[in-house]
Amino acid sequence: MLVLPYEIERPARYIGKEPLRVRKDPERARVRFALCYPDLYDVGMSYYGFFLLYEILNNMEFVFCERVFAPWHDMETHMRKRGIELFTLETRTPLRMMHMVGFSLTYELNLTNVINMLRLGSIPMKREERTWGPFVIGGGPLCMNPKPFEQFFDLFVLGEAEEVLPKMLQLFKELIGERRDRVIAELAKVEGVYVPGCAKGAKRVYVRDLNLVAHSVRPPIPIAQSIHNRLNLEVSRGCANGCRFCLAGFVYRPYRERSIESLKVILDQALRNTGYEEISLLSLSVGDFTGLEQLLSYLGCNYRGLSVSLPSVRVGSLKEGGIAFLGQISRTGLTFAIESGSERLRRRLNKRVDLDGLIRSLPVLKRYGWRKIKLYLMLGFPWEEEEDIKETGRIVSSFRKAGIDLSLSVSTFVPKPHTPLQWLRMEEKDRFLEKLALLKECTRGSKIKSAPFEKALIE
Ligand code: SF4
């Protein structure tokens, strides 16, 4: 039995009693897989990709896939003091007793949590130290450049895991009990599997037709506060816009959509299973989804009262019909990623947005009830000049004149691997802070949020 002292904050993070969690007999599972998210329960339980794999793997009759999250400091201290090893939520099995431990790698700053979780799970930290115990696998967008952290993993899945993991586990079940190096050598033959140090290299694998692969319809419902507690509906994957700084735009190529018919089936099943009253339409650029108006109209007609949120929308991609439907069924604000107010700079980034068109459409947005808008901006491009930042200030004042409650979220440009800007240097901290100060000066009166420069530097 898990006994937690009263000082542990949000103990529900660790008890694993969520409705819709998978229950299987661990004795009968031939492969036991720990699906790890290297961040808190609150973050991992909001991530669609995590639930998708959880469902796909558990739909395989011989696999039992269980969830593991990073503990908060108070719980970690308690575990270390009492000698409690990191365990799975479903059966409280220590990590070291699983066959495979797979980490979803989505954010650079979480990589140190991977190492911490391995230590808490009594698994040797480095690949070469592991002569026993589970195979440690990495997957997710960070694996496009695994070199900096490959010493901690036995294998990587390159590309979209739903295409690779099931094949890997089919093969693995026949190899249980074999020598470790032989298992790794055999798994390396699966397309999309990369073994560090292996001369063969590996090819990124992706799903060709989204309509032919599963969508999560029974995600476990969080019982402790999570960042989002709503249904995620993945309407498309990839992005056809090709902004030159955007890792996601290159990692998830090509652009693919789910059909309206399959989305309706998924939606009906998932809402029936979960009872959610809010959904988020997942896409890198949801306004570009060709079936958006049709889908919103279906939601408006069949799910009155359901709240719909859209992640960042590309400027110009929402037509008046979509705005009108959304005004009826959404209670969340609109977010546009414009990156910069300067047309000159946006051209260099290949960020094609019609800002004048957006400003002209502000009265339409207001008419349909949109009064809050968030703009994503990016600072720190090497060719950025003062005039570009002042131009952003002028754009922001146009929004304010139109009576829009505007907030700004500023991120630092980080040259990412596999993007055309990967070899650019990063801005010096002092210069970045000067630019940020100028932006604040030019946009005085708007709420502005920016992440610490050091975080971007680590990324
Ligand atoms: S529109 Fe958004 S998701 Fe698409 S490439 Fe540009 S920044 Fe990336």
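1. In this predicted model, Asp154 lies in the loop that connects strand S4 (135–139) with strand S5 (155–157). Asp154 has a relative accessibility of 1% and therefore counts as buried, the cut-off for that class being under 20%.

2. Two polar partners of the Asp154 side chain deserve attention. One is the backbone nitrogen of Val136, reached at 2.7 Å. The other is the side chain of Arg180, joined to that of Asp154 by a polar contact of 3.3 Å.

3. A separate point concerns helix H4, which spans residues 111–120. Its buried residues are Leu111, Val114, Ile115, Met117, Leu118 and Leu120. Residues three or four places apart in an α-helix point the same way, because such a helix has 3.6 residues a turn.

4. The cover over the buried residues of H4 includes strands S1 (31–37), S2 (63–69), S3 (100–104) and S4, together with helix H3 (73–82). Just after H4, Ser122 adopts a positive phi of about 60°.

5. Finally, the ligand site. Surrounding the ligand are Cys239, Asn241, Gly242, Cys243, Phe245, Cys246, Leu284 and Lys351. By class, this shell comprises five nonpolar residues, two polar residues and one charged residue.

Notes: Residues are numbered from 1 along each chain as its sequence is written. This is a predicted model: local features need pLDDT of at least 70, side-chain atom pairs count only at pLDDT 80 or more; totals for chains, interfaces and linings use all residues. Side-chain values use heavy atoms; hydrogens and water are left out. Helices (H or I, at least four residues) and strands (E, at least two) are DSSP runs, numbered from the N terminus. Buried means under 20% relative accessible area, exposed over 50%, partly exposed in between (1.4 Å probe, protein chains only). A polar contact is a pair of N or O atoms within 3.5 Å; within protein, one must be able to donate a hydrogen and the other to accept it, and residues adjacent in sequence count only if both atoms are side-chain atoms. Contact means heavy atoms within 4.5 Å. A residue is near a molecule or strand if one of its heavy atoms lies within 4 Å of it. Ala, Val, Leu, Ile, Met, Phe, Trp, Tyr, Cys and Pro count as nonpolar, Asp, Glu, Lys and Arg as charged, and the others, Gly among them, as polar.
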